[in-house]
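Subject: Structure for you to look at

Hello,

Here is the structure I said I would pass on. Please open it next to this email and follow along; my notes come after it.

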Amino acid sequence: MRTFPGTFSFLSALIFSLFIFCTGCQKTAIQYGQQYIDNGITNIILVDSIAPVVSTIYKDSVPTSQSGTILAGSYSDPYFGKTTTTSYLQLGPPTLTDLLNNAQYDSLVLLMKCNGTFYGDTTLPITLTARQLQSEIKFAENQVAFYNIDSWPVSSSSLGTKSFILRPLTGDSANIRLSDTKGMELYNLIKTKSTLLTDKNLFTDYFKGLNISSTTGNNIFGFKDSAVIRLYYHQTDVGPQNKYFDFTLYNKPLQFNQVNTDRSGTPLTALNSVNNELLSTAAGNRGYLQTLSGLYLKISFPSIRKLLERSDFIKIIRADLVVKPIANSYSGTYPLPSILYAAQTDGSNEPGPSLSSATAGNSFAETGNLSIDYIYGINTTYSYDVTGYLSQEITNSAINKDGLLLFPPADSRFSKPNRLVIGDAYNAKNKLQLNVYYISVNK
């Protein structure tokens, strides 16, 4: 605990006058961060010994449909074990045009473009495989989403497979040549203008859908949900013509990503649908986050009310939470989430109102203010202003399980495999810090 001279410029004259009245003493104004004129009565106290409780929360399912991302691949690391993703999607029939009598089939190709999402070593190849589904993707009654634990029956034989070295940040393409047998089958349907191609429901009953997976274990890539199967053909009119028909992604709400995890050899093996909270003290003084596989970070402050036991305590006027990723747990290969929102929660561990702060009269959501220590790696931090939240919690006398959940923004929460490992207040090297400043009055 440390004492800081200074005044709080943000305290109103009225509130300050009330403090003077309550103490029954005359004292000078205090201005936070500036020179303190000591009258021996009023101080600013810094308490940095309150240890927040860190835990990893396990959700047995999280929604992965309508994410706008097709995920495929797998990777292993010592913190989270092995994570594998595979994608399921549905295709619609092409717009038909007349073929000339001399038209001839050329090839059938699955076209996908990287959307910038990746995890793992992108200098290593990934092998992608496309397979047909054995039944049409459909929601059950009252179902509105698919989840990371969902899967769909897949044909044992592949339509096509290919290995790539992809550059995800340049919008690289992953094009897989598919079975010519299937290509000719589709070409003949086009040539005869089969009713299977004029009714989307009939077509999806015939071509159930597509599964994209990977057989390698080095990386995961994200692709735009604008995947297309393109049938190339050529014909001769006045001159040679190279043309194609596109079977485009259909019914986007039905596209979803399955996420399988093998946590063997990590503390995370203790988590399951019954035991869904792992204290950092039982996990090497670490907390884990990977929302795509259902892992959330929770930080609680059960001992904050001990401040009320101090006879000199008047009011919290500033509280900062500094969260530190474990050194060497992240890199360019395994990037950190660039934004981490904090949401208030309780014993249900469901996200509630966002943690927010006010500046110049405007309220904004806390995003973590990620600062990366590129030199030593030990001073990388996420930081949060928890003044308002702790001022609220200190008044709650009930025994509760309130806290803050950390997670990425909605547009990447369930579409990116980015993960984070942090130290708790007892971690020897990467210690979570809570700094609480309060007004102290010596009566």
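**Notes on the structure**

At 43% relative accessibility, lysine 193 counts as partly exposed, because the term covers values between buried (under 20% relative accessible area) and exposed (over 50%), computed with a 1.4 Å probe and protein chains only. Before going on, note that this is a predicted model, in which local features need pLDDT of at least 70 and side-chain atom pairs count only at pLDDT 80 or more, while totals for chains, interfaces and linings use all residues. Residues are numbered from 1 along each chain as its sequence is written, and side-chain values use heavy atoms, with hydrogens and water left out.

**Salt bridges**

Lysine 193 forms a salt bridge with aspartate 98, and their closest N and O atoms are 2.4 Å apart. A salt bridge here is a side-chain nitrogen of Lys or Arg within 4 Å of a carboxyl oxygen of Asp or Glu. The pair links distant parts of the chain, 95 residues apart: aspartate 98 is in the loop between β5 (81–89) and β6, and lysine 193 is in the loop between α2 (180–191) and α3 (200–206). The helices (H or I, at least four residues) and strands (E, at least two) are DSSP runs, numbered from the N terminus. Aspartate 98 counts as exposed because its relative accessible area is 57%.

How many salt bridges does the structure hold? There are 12. One joins the side chains of arginine 167 and aspartate 172, at 3.4 Å from N to O. Arginine 167 is exposed, at 54% relative accessibility, whereas aspartate 172 is buried, at 16%. Another joins aspartate 205 and lysine 208 at 3.6 Å, N to O; aspartate 205 is partly exposed, at 46%. Arg318, Asp320 and Asp385 are linked in a network of salt bridges. As background, side chains of opposite charge can pair when their charged atoms come close.

**Nonpolar cores**

A nonpolar core is a set of buried Ala, Val, Leu, Ile, Met, Phe, Trp, Tyr and Cys residues joined through side-chain atoms within 4.5 Å. The largest one has 39 residues, and those that touch the most other members are Leu110, Leu128, Leu210, Ile212, Phe223, Ile229 and Leu231. Which strand gives the most to this core? Strand β6 (residues 104–120) does, with six residues. A second, separate core has 34 residues, among them Ile50, Val386, Leu390 and Leu432. In soluble globular proteins, nonpolar side chains tend to be buried together.

Apart from neighbours within four places in sequence, the contacts of leucine 128 include Ala72, Met112, Phe164, Ile176 and Phe223, where contact means heavy atoms within 4.5 Å.

Glutamine 258 lies in strand β14 (residues 256–262). Is glutamine 258 buried or exposed? Glutamine 258 is buried, because its relative accessible area is 11%. The side chain of glutamine 258 makes a polar contact of 3.2 Å with that of tyrosine 88. A polar contact is a pair of N or O atoms within 3.5 Å; within protein, one must be able to donate a hydrogen and the other to accept it, and residues adjacent in sequence count only if both atoms are side-chain atoms. Neighbours within four places aside, glutamine 258 is also in contact with residues including Thr84, Asn148 and Asp150.

Tyrosine 244 is in strand β13 (residues 240–248) and is partly exposed, at 44%. With neighbours within four places left out, tyrosine 244 is in contact with Arg230, Leu231, Tyr232 and Tyr233. The C-alpha atoms of tyrosine 244 and glycine 423 are separated by 55 Å, and the two residues are 179 residues apart along the chain.

**Two asparagines with positive phi**

Most residues other than glycine have a negative phi. Asparagine 328 has a phi near 70°, a positive value. Asparagine 328 sits in the loop between β18 (313–323) and β19 (341–345) and is exposed, at 73% relative accessibility. Asparagine 349 has a positive phi near 60°. Asparagine 349 is found in the loop between β19 and β20 (356–359) and is buried, at 5%.

Regards
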